[in-house]
Amino acid sequence: MLRKEMYRGYFTMDNLRRKDDEENKTTDLDVSHPFALSKFNPAKRLFFSTGVTHVEKELQQVLYNLNEIVSDMSEFTALLKNYPPLYHQPYSMHLIIDKCMFGRQMELDRIMNFLMLVDPTSTKHVGVLPIVGPAEVGKSTLVAHVCNDERVRNNFTRIVLITQYDLKDKGLTTLEDGGVIYYQQNSLNENERTLSIIEFSEDIDKAAWNCYLASATCHSNVVKVIITSRSNKIINFGTTQALVLNLLPPEAYWYFFKVLTFGSADPKDQPKLESMAMEMSRCTNRSFVGANFVSCLLRDHLNGQYGRMVRASLRDLNRARISSCAPAIINEKNPKYARRIATNEYFAIYPCAKGFAADDMITRTTLFDLVYGTVKCEGKFEVLALKLRIPPYKNYMYTCEMVKSIPTKMKAASES
């Protein structure tokens, strides 16, 4: 609750500075007009007082909520002294925010409670936890952090990653058939306990799932299963209430985006760039991948001129209904188109056959080089869109193709 109100407070103050910056621009333009309304004019004064009143209400609400929370904080602090600390969040948040999971502590605790619950040995019950959420909401990242937790590795002798391809096309019915061993204890243990992580696409193969679950029930080693998907259909597969991952609230997402972008630099020193960054954060659909991609572009050159160039390219993509940071929605029949800033050439974006490539398989050419650089490219080629620095350390790859022209509808949208 404290974090939520902290994010809301930062968002309100930053949004206020952004609006002030926009109003100052408008005022500067009005000065040159002989009939411009002065700030002392009643009509304009009414406009300004209305805006300030709205912001004051937002600030008052934030302060009220914080006061309500901290009113009994002394008793709460005394209670906390009887419990061990969970983790420490340093003041220099920019040092760790791009290397840790953000905003999912409650969800992490929910999964840990499910995994640590020990079922009676007399039953052959297999616990199944469904995790549902849209693309790039952080399902794989959340599960990867769970699998890396020391408590989980002490509780399970083996963790196996299984995809829908393993279930359907490979005919995987038991753990001996395949899958990827994510973790396995070195020492032999008579009481083997296996955790299976299964990733489903939107196309749920219920028959393959039922076949695997029946086998897992008979297989005494399989005690827990976590399934992830974008489809709500997997909710019915669970033996416990499903965990639904939603997008971060705008206030929390802006805090994440701002810290990721500016790092140790003070955004107040560059109000115009901060205003542009807030606008750009709204172009990423609150995607973690989008925030990492755009912030990587901005933080290497924290200046207004470069920020305007990045903002212009994002506006161009959004006008043409293109998502520059959502590989999951791109398919062979529906490629996305983007424009190279330096050469004004267009290229199509397709899903890469490698998907999330390993470090030794990624190309040196990045999407940044393609959009903002002058690297020479012909025909079809692969680019690295983003390299995550937190588990599961995915390398987002695209297949791109230079095109002489784009569909008329796309071109009209991008030029409007």
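Apart from neighbours within four places in sequence, Phe347 is in contact (heavy atoms within 4.5 Å) with Lys336, Tyr337, Ala338, Arg339, Arg340, Leu367, Leu370, Val371, Cys400, Glu401, Met402 and Val403. The model is predicted: local features need pLDDT of at least 70 and side-chain atom pairs count only at pLDDT 80 or more, while totals for chains, interfaces and linings use all residues. Residues are numbered from 1 along each chain as its sequence is written, and side-chain values use heavy atoms, with hydrogens and water left out.

Phe347 also belongs to the largest nonpolar core, of 45 residues, where Phe257, Val310, Leu367, Leu370 and Cys400 are likewise among those with the most contacts. Helix α9 (residues 250-262) gives the most to this core, nine residues. A separate second core holds 23 residues, including Leu115, Ile131, Leu243 and Leu245. Such a core is a set of buried Ala, Val, Leu, Ile, Met, Phe, Trp, Tyr and Cys residues joined through side-chain atoms within 4.5 Å; buried means under 20% relative accessible area, exposed over 50%, and partly exposed in between (1.4 Å probe, protein chains only). Helices (H or I, at least four residues) and strands (E, at least two) are DSSP runs, numbered from the N terminus.

Turning to the sheet, six strands form an open arrangement in the order β3-β2-β4-β5-β1-β6, with mixed pairing (at least two DSSP bridges between two strands). Because β3 (180-184) and β6 (243-244) each have a single partner strand, one side of each is left without a neighbour in the sheet. Strands β4 (residues 194-199) and β5 (residues 222-229) run parallel, joined by six bridges, and Glu199 stands opposite Thr228 in β5.

Finally, Leu79 lies in helix α3 (residues 73-80) and counts as partly exposed because its relative accessibility is 46%.
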